[in-house]
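Colleague: I am new to reading models like this one. Could you take me through the terms, one by one?

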Amino acid sequence: MKFNFVKPTLISCAIGFFIPGFTAILFFLFQLLTDNIGIDCSTSWKSIWLITSLISVALPYFFIENIKKTKNPTLTKLTLFNFIEYISLQACLAQFFTNSKTICYGSSGQNGIELVFTAWIALPILVFISFVFKYKLENYTE
């Protein structure tokens, strides 16, 4: 099973370099939606961080298991994986650079811009994961 995981991921990363503000806006929209149904902003961000942390850890495992089971790695599957993993990493890494009160009520000059920076931090992690996929599947088929 020869499939190039790294090249499409590098292309995704090139795109990801320019869209971190867009994906950050998605998280703020989700937070505003939860605010409209009565969930406190701080609680919403803690939930976002918990959910995206779980996704970013579990998704690579489920992705590689799916590829092993179906023996059908496709560009569509990899692109979907890269996008979901990218936004999950973006959000879950933000909790190490800010806290829910700061992101909700703003202080110390932070206003959510750390989500842009954590999206950029996620890019080399995605490339690393692609190398792991390549290695795992090469060893799996031999």
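Modeller: Start with ring pairs. Rings of Phe, Tyr and Trp (its six-membered ring) pair if their centres lie within 6.5 Å; planes under 30 degrees apart count as stacked, over 60 as edge-to-face and the rest as tilted. Ring pairs link Phe3, Phe5, Phe63, Phe81 and Phe133 into a cluster. The structure has 12 aromatic pairs. Bear in mind that this is a predicted model, where local features need pLDDT of at least 70, side-chain atom pairs count only at pLDDT 80 or more, and totals for chains, interfaces and linings use all residues. Residues are numbered from 1 along each chain as its sequence is written, and side-chain values use heavy atoms, with hydrogens and water left out.

Colleague: What makes the rings of Phe5 and Phe133 an edge-to-face pair?

Modeller: Their centres are 5.8 Å apart and their planes are at 65°, so this pair is edge-to-face. Phe5 lies in the segment before helix H1 (6–18), and Phe133 lies in helix H6. The pair therefore ties together parts 128 residues apart in sequence.

Colleague: How do you know that Phe5 is buried?

Modeller: Buried means under 20% relative accessible area, exposed over 50%, and partly exposed in between (1.4 Å probe, protein chains only). Phe5 has 2% relative accessibility, so Phe5 is buried. Phe133 has 3%, so Phe133 is buried too.

Colleague: Why is Phe3 called partly exposed?

Modeller: Phe3 has a relative accessible area of 22%, so Phe3 falls in the partly exposed class.

Colleague: What makes a group of residues a nonpolar core?

Modeller: The members are buried Ala, Val, Leu, Ile, Met, Phe, Trp, Tyr and Cys residues, joined through side-chain atoms within 4.5 Å. The largest core here has 31 residues. Trp45, Phe63, Phe81, Tyr86 and Phe133 touch the most other members. Among the helices that each supply at least two residues are H2 (20–36) and H6 (114–141).

Colleague: How do you know that the protein chain has six helices?

Modeller: Helices (H or I, at least four residues) and strands (E, at least two) are DSSP runs, numbered from the N terminus. By that rule, the protein chain has six helices and zero strands.
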